[in-house]
Amino acid sequence: SADQAVFNKPKVELHVHLDGSIRVQTILDVAKRRGIRLPAKTVEKMKQLIIVEKPATLTAFLGKFSEYMHVIAGDRMAIKRIAYEFVEDRAKEGVIYVEVRYSPHFLANTQVDPIPWSQREGDLSPDEVVHLVNEGLREGERAFHIKARSILCCMRHMPNWSMEIVELCKKYRHEGVVAIDLAGDESLSSETNPDHRRAYEEAARCGIHRTVHAGEVGPPSVVKEAVEVLKAERVGHGYRTLEDQTLYRKLLAQNMHFEVCPISSKLTGACDPDFSKHPVITFRKDKANYSLNTDDPLIFNSSLHLDYSIAAKYMGFTEDEFKRLNIKSAESCFLPEKEKTELLMRLYKAYGMLKSTAF
């Protein structure tokens, strides 16, 4: 609501999961159409099963996806619909550019081993999933006048999917897919999984942009590996980088971008539940390069407005800092240079800053 909007200006969001942003009503609608029985019949009751109310473990958080992913997975109409509605929901929050990420394999029911969510084998492949999401995002862009691009996620525990992911990034790079990501259990390093490393080397060779979830709950060594071995251009979360000051100073110096998700980091147990002790306060004071993001608004029952209001209320964020971090986000986004410049100009204009006097 308007009273929540501490920063009622155009925003950029770089770290948000498609399958963590689905409307509960849509889950109910699709379950009904497909004849899938759910343990709850109303939005409120379904929310009680899905939402994480208080800090949990990352495992408990990841378990929430199994409450509803089997409803959407394998269904063409549903997959296109969630992509379209995602764009509508971001537009309502004042986002003018978003990069949304997901693992195509988790929405497929064929040509994926193992088939996820105990589905029966069907005829929807990861490749077609990407095509459907692209279509939904494109229709959303036209309807709601914002720009949406996507990032395909490799999963740390499924190294056999990674080479397929980079191939899909290549195949769909002119249809909205802008980068590759690596998500999941950080204790599974890519040293033990050379497939992830191979996929990232191929991505770098082909000019596919790279981001990696690292330092969310894993030690700074995971961040170091993401940057040095996987050649990540951005770090998803990265809070625990601060435990290795040498690494942190090095990443500051090279303008590394951290995709920060305040509400998420409390509810997954990644950070101290006291927001006034959040690592992003250090990032802010050091004028680091970072974005503010929702991560999984469905599961955290949150919104970008809420993340911003928490940053303002507990973390000392000002209007000027919100402007600065959105400009940094635009600079660090994975759009081609020409489109990136257009996005930056839109922000400078909206913020009343002419490029020449900006910094």
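The legends below describe close-up views of a predicted model. Local features need pLDDT of at least 70 and side-chain atom pairs count only at pLDDT 80 or more, while totals for chains, interfaces and linings use all residues. Residues are numbered from 1 along each chain as its sequence is written, and side-chain values use heavy atoms, with hydrogens and water left out.

**View 1. Helix H15 and the elements around it**. Helices (H or I, at least four residues) and strands (E, at least two) are DSSP runs, numbered from the N terminus. H15 comprises the 13 residues 319–331 and reaches 19 Å from its first C-alpha to its last, close to the 18 Å expected at 1.5 Å a residue; the expected span is 1.5 Å times one less than the number of residues. Of these 13 residues, 10 are buried (under 20% relative accessible area, with exposed over 50% and partly exposed in between; 1.4 Å probe, protein chains only). Among them are Phe322, Leu325, Ile327 and Ala330, as well as Lys323 and Arg324. The buried residues pack against strands S1, S7 and S8 and helices H12, H14 and H16.

**View 2. The packing of H15 against H16**. The axes of H15 and H16 lie 9 Å apart at an angle of about 170 degrees, which makes H15 roughly antiparallel to H16 (over 145 degrees). Axes are lines fitted to C-alpha atoms, for helices over the stretch in contact, and angles run from 0 to 180 degrees between N-to-C directions. Asn326, Ile327, Ala330 and Glu331 of H15 meet Lys340, Leu343, Leu344, Leu347 and Tyr348 of H16, where contact means heavy atoms within 4.5 Å.

**View 3. The pairing of H1 with H5**. Helix H1 (residues 24–34) packs on helix H5 (residues 76–92) at about 165 degrees, with the axes 11 Å apart; the two are therefore roughly antiparallel. From H1, Thr26, Asp29, Val30 and Arg33 meet Met77, Ala78, Arg81, Ile82 and Glu85 of H5.

**View 4. Threonine 110 in the loop between S2 and H6**. At 10% relative accessibility, threonine 110 counts as buried. Its side chain is joined to that of glutamate 121 by a polar contact of 2.5 Å (a pair of N or O atoms within 3.5 Å; within protein, one must be able to donate a hydrogen and the other to accept it, and residues adjacent in sequence count only if both atoms are side-chain atoms). Not counting residues up to four places away in sequence, threonine 110 also touches Gly122, Asp123, Leu124, Ser125 and Pro126.

**View 5. Glycine 94 in the loop between H5 and S2**. Glycine 94 counts as partly exposed, at 26% relative accessibility. Beyond residues up to four places away in sequence, glycine 94 touches Lys9, Pro10 and Lys11. The C-alpha atoms of glycine 94 and phenylalanine 7 are separated by 9.3 Å, although these residues are 87 residues apart along the chain.

Methods:
Angles under 35 degrees count as roughly parallel, over 145 as roughly antiparallel, 65 to 115 as roughly perpendicular and the rest as oblique.
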